[in-house]
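Please open the model in your viewer and keep the selection tool at hand.

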Amino acid sequence: MPESAINTTGQLTTAELSFDDFKKIVINDYRIGYESRQASLIGRREVLTGKAKFGIFGDGKEVAQLAMAKVFKKGDWRAGYYRDQTFMFATGMSNLHEFFAQLYAYPDIEKDPASAGRQMNCHYATRFVDADGNWTNQAESMNCSADISTTGGHMPRLLGLAYASKLYRQNKQLEYLNNFSVKGNEVAFGTIGNGSTSEGLFFETLNAAGVLQVPMAISVWDDAYAISVPARLQTTKEDISEILKGFQRAPGTNGYEIFKVKGWDYVALCETYERAIAVCRAEHVPVLIHVIEMTQPQGHSTSGSHERYKSKERLAWEDEHDCLLQMRKWMIASAVATEAEMDEMEATAKKYVREIQRQVWNELSEEIAYELNEASRLIEQLARESQFQDELLEVVTELKECIDPGRKDVVAAIRKALRITVKQPTSQRDVLIGWLASENVKNEIRFNSKLFGDTQYSPLRVPNVSVRYYEDSKYIDGREVLNACFDANFERDKSIVAFGEDVGAIGDVNQGFAGLQAKYGDLRLTDTGIREATIIGQGMGLAMRGLRPIAEIQYLDYLLYSINVLSDDLASLSYRTRGGQKAPLIVRTRGHRLEGIWHSGSPLGLILNSMRGLHICVPRDMTQAAGMYNVLLRGDEPALVIECLNGYRLKERLPANVGEYTVPLGKAEILNQGTDITVISYGSTLRIVLEAVKELEKLGISIEVIDPQTLYPFDIDNVCGNSLKKTSKLLIVDEDLPGAASAYILQRVLEDQKGYYSLDVQPKTLTAKAHRPPYGSDGGYFSKPSLDDIIEAVYSLMNETDPHKYPAIF
Ligand SMILES: Cc1ncc(C[n+]2csc(CCOP(=O)(O)OP(=O)(O)O)c2C)c(N)n1
Ligand SMILES: [Mg+2]
């Protein structure tokens, strides 16, 4: 092999490389690969013996990852999947300690910085947000966006990570953000399994990156299987790079550079990655490296054995083409090392990995043993003075007999002891209660914290600024209020960008961004293809790299096409890294009061149930919406803002401080004071509820109308619950399905805010019908809550409490 084939990760230039240096590099590579293999083998055993729950490993994929690591530089990014441990070790973004800590679900960011024990094993992430919420210097580090388990689900994020480099290179106004980019010279590396290229997200990303021409390098690890399903049933022609040939760029066209290389050929892999990444980095051309003939020495995961579905011939072929075996053979044949030297290196590596595995296991076991002993001691003390001594001692015995005990066993034992002694309060029992409370605090941090970043930069901590008007402030179209708000924010903060379908040239279909592309350029306000999932991914990647994106989904109903990215990736990011990563993406869309099955516009139940981890804003008009954008653009947490589609042309007064004033998240507002019934609604239905106020007054009924303004967070100050203390009656008006967003609101008000205790009559929800509304105004009237429905619903609650005063209407 020519020496120049090996990139030296910048330590030496190829010209300087002596054969000895070259040997050292290759031997070091092999050692990393071999240690990684040992980690896979030991990891699987740890699962089979019950110390870990589940194992999925990168065996059979080692050599390609060694080659990929050579061209991965500081400032670069990875968005990949669960096979990449060798790459993570070779780049130094992870190590064996962290590998085992995650396998054992070690709930500690020092031990498992990727997820603090929250993610299954081999789900990688580097931490780029510190404990105070500050960004670390991404240009100075190698960066790994946090993996998710859904295969192919990371591809949209990869697009955004790559797109950030394009903006950093082309938009000179961003040079001040040099903590995030080295002048746009970074590459975003993606990895994906052959089977997962069947996912729509893969193809959507592929096309978008080809259009955008971003420095994105996708490696397809092709082991010819996706669990048991062979390539024949996955991929046309059984060959992903073959069928993607139309993406290959040609003179005068955009497109990709596509490479195909065998996963056991170290030399060819090193050459291929060097060539591929050079063009990707320099020219901002996306590349696809199809790595074929990979294997799975231990099968797919610990869930089953591949002997069930692979033929004897295939298994024999895999044995022979094991990438490390092939690399070893080549090293010996090329005089890089002798067989004896290899044997010795392997024996040392084996021992080394074993030692680390034991060390990590022991550390975790000792922590738990300490807590277990403490709990046992406290329960034993309680037993001494208790009439339930035998039962309590049995709890201790059971606890001590646990094989590989966990924190759940410790806490469960204490809770059981407290149940046993519930009727015998003693001071010792109080000690136990106190100890449990302090353990609960720790366990909450370990297992339940950081759904949101919740740092000093949280949008909930953005200082309040009241809206101001000039005496002669004009009434203008609602969309112009928004437009002025965006204009002021784009002027203030150069890192804000907005993109989506029809967002650029025409300034969105309702003209909120009108004229702004002409003013700020097409790098900041940008049209995209019809590709909702990757619009969100594009925004997520940008937001992770220090930009302030507003990703627009044209209408709320189309949000479904991006819900996997919003739910799996964006909403879980803070939680799954325990605050180690953030993506303050603002998703802008419009909905409500629409007509037509795919334009019905209010699936809030779906949103609330799938996107915990995003703030959900439902402004009733554009003034409120603008105030929310002013908050969100100054905070660092992701949010969805749903504007009222039927509000863009309604007249609103232009605030004097349109880019400054805030509408705080979670602050409900009473829009009409009343005494008889509390009516909670949001978005466009509020206008109808307010119309109903007058009609109801004629009927002698006074309603208190509350707009929560944001559904997450929901009414932090208990405005709704307090209102019920006065009215004792509750109606929720919602144009979502029965039992959807209205059920969420009920839970919040009745349970969290204890509104139940104020009620005189059963609470009521008035919602749309269970089907989607048909097209046409009549269809809307008979499907969504109308003025008449609202009046009658309120009236029937009054009728229920006082039928004499309020006889039934019909
Ligand atoms: C969206 C989604 N569908 C299904 C699964 C279940 N699943 C996990 S791994 C896997 C096979 C993936 O095969 P491939 O992409 O070829 O990667 P490999 O494991 O072979 O490296 C499947 C179906 C999943 N995790 N996510
Ligand atoms: Mg596969």
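**Stop 1: helices H6 and H17**

Begin by selecting residues 200–212, which form helix H6, together with residues 532–544, which form helix H17; the two helices pack at an angle of about 65 degrees, and their axes are 9 Å apart. Please bear in mind throughout that this is a predicted model. The crossing of H6 and H17 is right-handed.

Next, display the side chains at this contact. On the H6 side, select Leu-201, Glu-204, Thr-205, Ala-208 and Leu-212; they meet Glu-532, Ala-533, Thr-534 and Gln-538 of H17. By class, the residues of this contact between H6 and H17 comprise 4 nonpolar, 3 polar and 2 charged.

**Stop 2: from H17 to H18**

From H17, select Ala-533, Ile-536, Gly-537 and Met-540, which meet Asn-564, Val-565, Leu-566, Asp-569 and Leu-570 in H18. The contact of H17 with H18 divides into 6 nonpolar, 2 polar and 1 charged residues.

**Stop 3: ligand 1**

Now centre the view on ligand 1. Which residues come nearest to ligand 1? Of the 17 residues around the ligand, these are Tyr-81, Tyr-82, Arg-83, Gly-195 and Ser-196. The shell is made up of 5 nonpolar, 9 polar and 3 charged residues.

- Arg-83: an N or O atom of the side chain is 2.7 Å from an oxygen atom of ligand 1.
- Ser-196: a polar side-chain atom lies 2.6 Å from an oxygen atom of the ligand.
- Gln-296: a polar side-chain atom lies 3.5 Å from an oxygen atom of the ligand.

Ligand 1 taken alone exposes 590 Å², of which the protein buries 72%.

**Stop 4: two loop residues**

Move to the loop between strand E6 (229–230) and helix H7 (240–243), and select Glu-238. Although Glu-238 is not a glycine, its phi is positive, at about 55 degrees.

Finally, select Tyr-712 and Pro-713. Is the peptide bond between them cis or trans? The bond from Tyr-712 to Pro-713 is cis, with omega near -5 degrees. Pro-713 is found in the loop between strand E20 (710–712) and helix H23 (719–727).

Definitions and conventions. Residues are numbered from 1 along each chain as its sequence is written. Chains are lettered from A and ligands numbered from 1 in the order in which they are written. This is a predicted model: local features need pLDDT of at least 70, side-chain atom pairs count only at pLDDT 80 or more; totals for chains, interfaces and linings use all residues. Side-chain values use heavy atoms; hydrogens and water are left out. A residue is near a molecule or strand if one of its heavy atoms lies within 4 Å of it. A polar contact is a pair of N or O atoms within 3.5 Å; within protein, one must be able to donate a hydrogen and the other to accept it, and residues adjacent in sequence count only if both atoms are side-chain atoms. Accessible areas come from the Shrake-Rupley method with a 1.4 Å probe; for residues, only the protein chains shown count as cover. Ala, Val, Leu, Ile, Met, Phe, Trp, Tyr, Cys and Pro count as nonpolar, Asp, Glu, Lys and Arg as charged, and the others, Gly among them, as polar. Axes are lines fitted to C-alpha atoms, for helices over the stretch in contact, and angles run from 0 to 180 degrees between N-to-C directions. Helices (H or I, at least four residues) and strands (E, at least two) are DSSP runs, numbered from the N terminus. A crossing is left-handed if the near helix is turned anticlockwise from the far one by less than a right angle, and right-handed if clockwise. Contact means heavy atoms within 4.5 Å.
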